[in-house]
Amino acid sequence: MQYESSSCRYYIHEHSVTVVEGKDSIKHINRIITSNITEIKDLENCKSLICDANGKITDALDISSISGQLLILGVKENAEKTRELIVSGTHWNEDVKIMNGDGALKIISIFAKNQEKLSKALGIEISTMRNDFWIIENESYILKAQLKNDFQVNILIQADLIDSFIKTVEGNGAELCGEDNWNIHRVENGILSNEEYNRGFLPGELGLDEIVDLKKGCYPGQEIHARLESRGKLSKKIMRFRTDSKLDVGTYISNTGRKVRVTSSLGNQGFAVISVKENNELKLNDELLILTEEL
Amino acid sequence: MHKYTIVHIGLLSQGFMGILGGGGFTLPVITQTEVVDVKITVTDSALKQMKNTIQGEEDSHCLVISAQSGGCSGYLYDMKIMEKPEAGEFQIQEFEGVKVYIHNNDSSLLNGIELDFKDTLMGGGFNITNPNASRACGCGQSFG
């Protein structure tokens with residue numbers, strides 16, 4: 001399954017948007033998350049996680065420093081819980097103001113298999129952009145995403161400017177992408193979603209070790225992550241799979257008797273969290289499942 | 001052990017002049033609104049230690065106990081002997097002349113705590129038992 005290779009598509013995300021400002025905002029947020037943002041630079045975007053005391057992921061965040069404020073994008077379904085954690089843990093003597101940006105700011109992803117098409121749709125040269133840093137263009141912020149196969153940028157824009165922005169990119173050849181095509185794009189490019197983040201996995205099980213910093217000091221879940229790291233006892237990992245028959249999202253038992261959790265599926269390919277003891281080929285209900293790649 | 005009370009979040013719309021140049025829009029500020037009447041207990045050993053530490057400065061200084069996000073279990077205790085802050089947003093309890101301040105924002109997390117002091121070489125110092133915590137870190141500094 002593939003979306004039309006000649007096209008450039010855009011997808012409007014439903015993220016939770018939180019803005020934190022004040023001189024102690026970085027210190028405050030850094031105490032909660034798994035990565036270390038104490039050295040975050042202006043316009044830099046950092047990926048991070050919030051975990052519970054058992055080390056399991058409760059939210060996945062993109063944190064950006066923009067003009068002295070922190071912009072925090074999270075999984076929409078987790079917005080209330082994450083904001084509650086941020087607000088209730090504010091120290092009385094720290095300068096931190098937390099704002100709800102839901103509905104006021106929007107994130108749009110524009111992607112294509114061809115970099116020139118993407119540049120044309122946006123009217124800017126993508127190849128010269130740095131990864132992980134926003135650039136400011138007209139009244140929007142643009143961030144280049146590093147993907148496995150395709151090219152993508154994410155746009156941060158005021159919600160009331162979105163119509164004119166869409167008119168421009170559509171005029172330059174981009175087409176609106178629905179949920180189905182976005183899922184094809186994200187599975188092909190190894191982009192995780194709330195289908196993975198909201199199922200109680202540990203960061204290592206989703207291949208997210210690199211956004212866990214065990215040297216930064218305590219954060220919720222750190223004790224568990226440190227123990228797993230030192231003992232090397234992760235029992236599951238996320239893999240891309242393919243199969244000849246249709247496989248829906250759900251939990252299955254393999255021919256080896258172990259659990260296979262299919263978290264995202266396009267039918268005959270997707271992501272599954274499986275035991276590290278499984279071989280690269282296994283059977284589910286007599287159908288062959290081939291594990292092609294670790295994410 | 002009780003699970004801590006869920007924080008109620010209040011929204012106050014305020015002018016916002018930051019991301020994307022601001023000017024044209026406002027974002028609601030989220031604040032914590034749940035305040036409960038705080039009652040804490042202090043053991044004899046903790047009181048003795050508090051008096052030793054604050055000795056002679058009872059009129060100007062106090063003990064502030066607070067909670068902040070972080071630690072292995074979600075929240076971290078913070079205790080400071082400091083000059084008395086403005087009383088406005090604090091609840092104050094007095095123990096034989098030593099005043100203990102708890103901020104209204106921390107009231108639901110810290111109501112009912114018992115402050116103890118252990119005079120041991122290993123694992124000694126002030127220790128908090130919190131009925132609102134469903135779990136605590138081994139080091140005793142974090143709870144959730």
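Predicted model: local features only at pLDDT ≥ 70, side-chain atom pairs only at ≥ 80, totals over all residues.
Chain A is divided into three parts: domain 1 spans residues 16-100, domain 2 spans 104-188, and domain 3 spans 235-295. Between the centres of domain 1 and domain 2 of chain A, taken over C-alpha atoms, there is a separation of 24 Å. These two domains of chain A also touch, with seven residues of domain 1 in contact with seven residues of domain 2. On the domain 1 side of this contact, four of the residues are nonpolar, two are polar and one is charged.

Attention now turns to helix H3 of chain A, which covers residues 115-122. Its buried residues are A:Lys117, A:Leu118, A:Ser119, A:Ala121 and A:Leu122. An α-helix has 3.6 residues a turn, so residues three or four places apart point the same way. Just after H3(A), A:Gly123 adopts a positive phi of about 75°.

Two helices and 10 strands are found in chain B, and along the sequence they follow the order β-β-β-α-β-β-β-β-α-β-β-β. Chain B has 144 residues, of which 36% count as buried. Among the contacts in chain B with a separation of 6 or more, 53% are between residues 24 or more positions apart.

Conventions
Residues numbered from 1 in each chain as written. Chains lettered and ligands numbered in written order. Helix = DSSP H or I, 4+ residues; strand = E, 2+ residues; numbered from the N terminus. Buried ≥ 20, exposed ≤ 12 C-beta atoms within 10 Å, placed from the backbone. Domains from an automatic or database assignment. Nonpolar A, V, L, I, M, F, W, Y, C, P; charged D, E, K, R; others polar.
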